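Reader: Give me a close look at a single part: the ligand surroundings. Start from the chain as a whole, and keep it brisk.

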Amino acid sequence: MTPPDSRSGPHGQAWSVIRRLPARADAGAERLHRQWRSPVRGPWLTSVLGFVLLIGIPIEFLTGLISYAAYDPRLAGNDQTSHRGLLGFYLFTWITKPSWIYRLSQGTHVILGLVLVPVVLAKLWSVIPKLFSWPPAPTVAKALERLSLILIVGGIVFEMATGIMNIANDYSFGFSFYTGHFFGAWLFIAGFGLHVALKFGTMRQSLKSRRLRTELTIGVAETVVEDVESELVSVNPAAATISRRGVLALVGASSLAVFVVTAGQTIGGWTRTIALLAPRGRSYGSGPNDFQVNITATTAGIRASDTDASWRLEVVGPQTVSFTRDELLAMPLRTEELPIACVEGWSTLQRWTGVPLAHLAALAGEAHPHSARVISLERQGAFAAVTLAGNQVTASESMLALMVNGADLSPDHGYPARMIIPAAPGVHNTKWVRRIELRSNDAA
Ligand SMILES: Nc1nc2c(c(=O)[nH]1)N[C@H]1C(S)=C(S)[C@@H](COP(=O)(O)O)O[C@H]1N2
Ligand SMILES: [Mo]
């Protein structure tokens, strides 16, 4: 007679399923556990996916911190997160060189974040039995693990959902994206740290238990459960419908597909044409002003009467000076190829012409300001005013741009004048500038 727990593989080999649930699990838990039947679930598959995330998540966290630092949150008016406490530390005054650094960092943050979505979904799928295990906390170690699971599962879903909604300009979640994504990241990373500390050993051991190269030769027919004691391994395995290499190929292909339809928004060139999933990533045409518009002049409520010949730029320092657009155009101008790199991940490199900010600062008698408040004609909106750091005012490439690619700025790109600051996040390139207030110290 065949013992009840022993089965035959599709090729006739026999193996026995010796795994049992811990004695404490009751009948209901046992029933629940028996319903997870995929034979590919197990520590090895979970560890491979976990290993990818162990590399990817720290990059996300680091580029996220860089993005926070790039806003220069210590400057009055830049960071509207309330109660950030210790988490509001800033790493350093944001740099202005190399000019592509924020473009690279934020492009990586957004594209890698999207590319990791299939990996995260597969990882969640691979650990489903764990998420439903019962009782939830039989020991202290298990209770800690549970807590880390709540933080990382809740955290990752929250971070991915808010991140994706932000790049789609969907703010229906009803709280500030900036604040939510910021606090969510810290909760998530706390859980992540705990989880890695608890699981690193298991991951290493599991990765060693099967060779990737061998695993890639095993088809569906030969796929059977891992022969190890683990909550992840089905106690009631069904015949395989996909191999482990099939799961990895599916996840890899999904991630690659996400990369192909989004990376063009940062990389640029012909790749933009295939950036189908990047909302503002695609090409707009070939005219001097035919590139991505974040918010149009109409949406921002800019009136033609604000930008006609009556417009003046005011620069406030020890002296207050004001200039017409023609007066600005008569100043020594500078032309630079500089990117606009939006926090949403898209970026674009354009050739800007304008008055160096350092020149304007000197004219107002404040050649080395502590910071500068830049105020737009736009009456409200989160980016109607931003604060630049002193080094951003004095950087040789920083300018109040009047022209782009040899033509006047279009209304949507900030006519009559806009900020172009090397290496700054897009939001600090204020459009429709009205006034620049130079500050000699930290006072708001
Ligand atoms: N006044 C004002 N300036 C602004 C914005 C805005 O909403 N209002 N958006 C900012 C953001 S988020 C970005 S990414 C860039 C985009 O510039 P573009 O629309 O010319 O591409 O402008 C920045 N300047
Ligand atoms: Mo932006």
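**From the chain to the ligand**

Author: The accessible surface of the chain comes to about 20,700 Å², and 63% of it belongs to carbon and sulfur atoms. Accessible areas come from the Shrake-Rupley method with a 1.4 Å probe; for residues, only the protein chains shown count as cover. This is a predicted model, so to speak of local features needs pLDDT of at least 70, and side-chain atom pairs count only at pLDDT 80 or more, while totals for chains, interfaces and linings use all residues. Residues are numbered from 1 along each chain as its sequence is written, chains are lettered from A and ligands numbered from 1 in the order in which they are written, and side-chain values use heavy atoms, without hydrogens or water.

The C-alpha atoms fill a box of roughly 100 × 45 × 35 Å along the principal axes. The chain has 13 helices and 12 strands. These are DSSP runs numbered from the N terminus: helices are H or I with at least four residues, strands are E with at least two. Of the 444 residues, 50% are buried. Buried means under 20% relative accessible area, exposed over 50%, and partly exposed in between, with a 1.4 Å probe and protein chains only. Among contacts between residues at least 6 apart in sequence, 71% join residues at least 24 apart. A contact needs heavy atoms within 4.5 Å.

Now the ligand. There are 18 residues around ligand 1, and Gln292, Glu378, His413, Arg418 and Lys431 come nearest. To be near, a residue needs a heavy atom within 4 Å. The shell holds eight nonpolar, seven polar and three charged residues. Here Ala, Val, Leu, Ile, Met, Phe, Trp, Tyr, Cys and Pro count as nonpolar; Asp, Glu, Lys and Arg as charged; the others, Gly among them, as polar.

For asparagine 294, a backbone N or O atom is 2.7 Å from an oxygen atom of ligand 1. Serine 376 uses its side chain: a polar atom there lies 3.2 Å from a nitrogen atom of ligand 1. On its own, ligand 1 has 530 Å² of accessible area, and the protein covers 99% of that.

For context, look at other parts. Threonine 335 lies in strand E5 (residues 334-341). It is partly exposed, at 40% relative accessibility. Threonine 335 touches Arg351, Trp352 and Thr353, leaving out residues up to four places away in sequence. Its side chain makes a polar contact of 2.9 Å with that of threonine 353. A polar contact is a pair of N or O atoms within 3.5 Å; within protein, one must be able to donate a hydrogen and the other to accept it, and residues adjacent in sequence count only if both atoms are side-chain atoms. The C-alpha atoms of threonine 335 and phenylalanine 51 are 46 Å apart.

Last, helix H8 (residues 244-260). Its buried residues include Arg244, Val247 and Val251. They pack against helices H2 (43-70), H3 (101-126) and H7 (212-215). Arginine 244 has a relative accessible area of 1%, so it counts as buried. Among the residues that arginine 244 touches are Trp44, Glu215 and Glu226.
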